[in-house]
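Me: I have a structure here and some labels attached to it. I want each label checked against its cut-off.

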Amino acid sequence: MQKYKIIGPSLPNIPWEDRSEHCQEPVWRSAQNPIIPRNLIPTSNSIFNSAVVPYKDGFAGVFRCDDKRREMLLHSGKSKDGINWEIDPKPIQFLSTNSEIGQFEYGYDPRVCWIEDRYYVTWCNGYHGPTIGVAYTYDFQTFHQLENAFLPYNRNGVLFPRKINGQYAMLSRPSDTGHTAFGDIFYSQSPDMEYWGHHRHVMAPRGWWQNTKIGAGPIPIETTEGWLLIYHGVLTSCNGFVYSIGAALLDLDEPWKVMARTEPYILSPQKLYECVGDVPNVVFPCAALTDADTGRIAIYYGGADTVTCLAFTHLDTLINFIKENSKL
């Protein structure tokens, strides 16, 4: 019997592997990792930090595909099982009524969120520096670009899957022009997905594995215990940045209020495909699939800024771990 519940639809075809009897960790890796290699399409140098959602009787997503010029591009893709993917070899061409906003400079680290009647895509969009681009699609073929959510500089724009107190809601991480050596998570709201305000501070970096910066990962998961937020944290080591994954519970009505937060990470770069690549020592989550009936959660994450990987957890397992290892 599940102790906690996911508030959302069932997903009986969620990708899933049971935890081995020898594993005591709250999150465990797929034995098929990496599920997407760096060269799945002919032009790609790497495919990572990508977003996946249920779509019709399968799955669809938006993928970061850095090409062999090392240009940062976004591609759409579809899958029957969430593991074997067909990615469009042509980058997404966003449609925009504004030529200035619609002039593509670069795009990376997308998230995809179903709200009401469409899929919204947010990504780090180049506009005189990194900011949060916003678009929507119904079919993962045509993408309509809206106004950027914020001024530069900002990254990790993550929408909530429903309005909160009548407003669209987003988490983001203000940054700078480069490889930011700081970063807190903030909450913002909008009446129309265009004008964003009422900014509230959510969390700051602290201690050890998350001592440099943090950023929201997958779309927050609504549960009976609050919004389950999976996020990344960055340690500055003697050999550079190390990206790990943590989790927190946010208040359902006031999501800028943190109710619990993991002191230890729930996943860190330890496997070869996470430690060796274009950027070593990185696990970076961008998507999570959930099944309300079973409490299963499948987390998609980038490995070493090179490949796409998959990990699993159960809602009861993860929330118990958060509560037992929390310090606010």
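Reply: What follows takes the labels one at a time, value first, then rule.

Me: What should I know about the source before we start?

Reply: This is a predicted model: local features need pLDDT of at least 70, side-chain atom pairs count only at pLDDT 80 or more, and totals for chains, interfaces and linings use all residues. Residues are numbered from 1 along each chain as its sequence is written, and side-chain values use heavy atoms, with hydrogens and water left out.

Me: What makes Arg29 and Glu274 a salt bridge?

Reply: The N to O distance between their side chains is 2.8 Å. A salt bridge needs a side-chain nitrogen of Lys or Arg within 4 Å of a carboxyl oxygen of Asp or Glu. The pair therefore qualifies. Arg29 lies in strand β1 and Glu274 in helix α1 (residues 272-275), so the bridge ties together parts that are 245 residues apart in sequence. Helices (H or I, at least four residues) and strands (E, at least two) are DSSP runs, numbered from the N terminus.

Me: Why is Glu274 called buried?

Reply: Its relative accessibility is 0%. Buried means under 20% relative accessible area, exposed means over 50%, and partly exposed lies in between (1.4 Å probe, protein chains only). Glu274 therefore counts as buried.

Me: How many salt bridges does the structure hold?

Reply: The structure holds 13 salt bridges. One of them joins the side chains of Arg64 and Asp109, at 3.0 Å, N to O. This pair links distant parts of the chain: Arg64 is in strand β3 (residues 58-67) and Asp109 in strand β6 (residues 107-115), 45 residues apart. Both Arg64 and Asp109 are buried.

Me: What makes Arg162 and Glu222 a salt bridge?

Reply: Their closest N and O atoms are 2.9 Å apart. Arg162 lies in the loop between β10 and β11 (168-174) and Glu222 in strand β15 (residues 221-223), so the pair ties together parts that are 60 residues apart in sequence. The two partners carry separate labels. Arg162, at 30% relative accessibility, counts as partly exposed. Glu222, at 13%, counts as buried. Elsewhere, salt bridges that share partners join Arg38, Arg70 and Asp278 into one network.

Me: How do you know that Glu17 has no salt bridge?

Reply: The nearest side chain of opposite charge, Arg29, is 11 Å away. Lys and Arg count as positive and Asp and Glu as negative; His and the chain ends are not counted. Glu17 is also buried. Its place is in the segment before β1.

Me: What does the side chain of Glu17 contact instead?

Reply: A polar contact of 2.6 Å joins the side chains of Glu17 and Ser30. The Glu17 side chain also reaches the backbone nitrogen of Ala31 at 2.9 Å. A polar contact is a pair of N or O atoms within 3.5 Å; within protein, one must be able to donate a hydrogen and the other to accept it, and residues adjacent in sequence count only if both atoms are side-chain atoms.

Me: Why is Gln145 called buried?

Reply: Gln145 has 9% relative accessibility, so it counts as buried. This residue is found in strand β9 (residues 143-145). A polar atom of its side chain lies 3.3 Å from the backbone oxygen of Ile101.

Me: Why does Asp305 count as buried?

Reply: Asp305 has 17% relative accessibility, so it counts as buried. Phi of Asp305 is near 50°, again positive in a residue other than glycine. Asp305 lies in the loop between β20 (296-303) and β21 (307-314).
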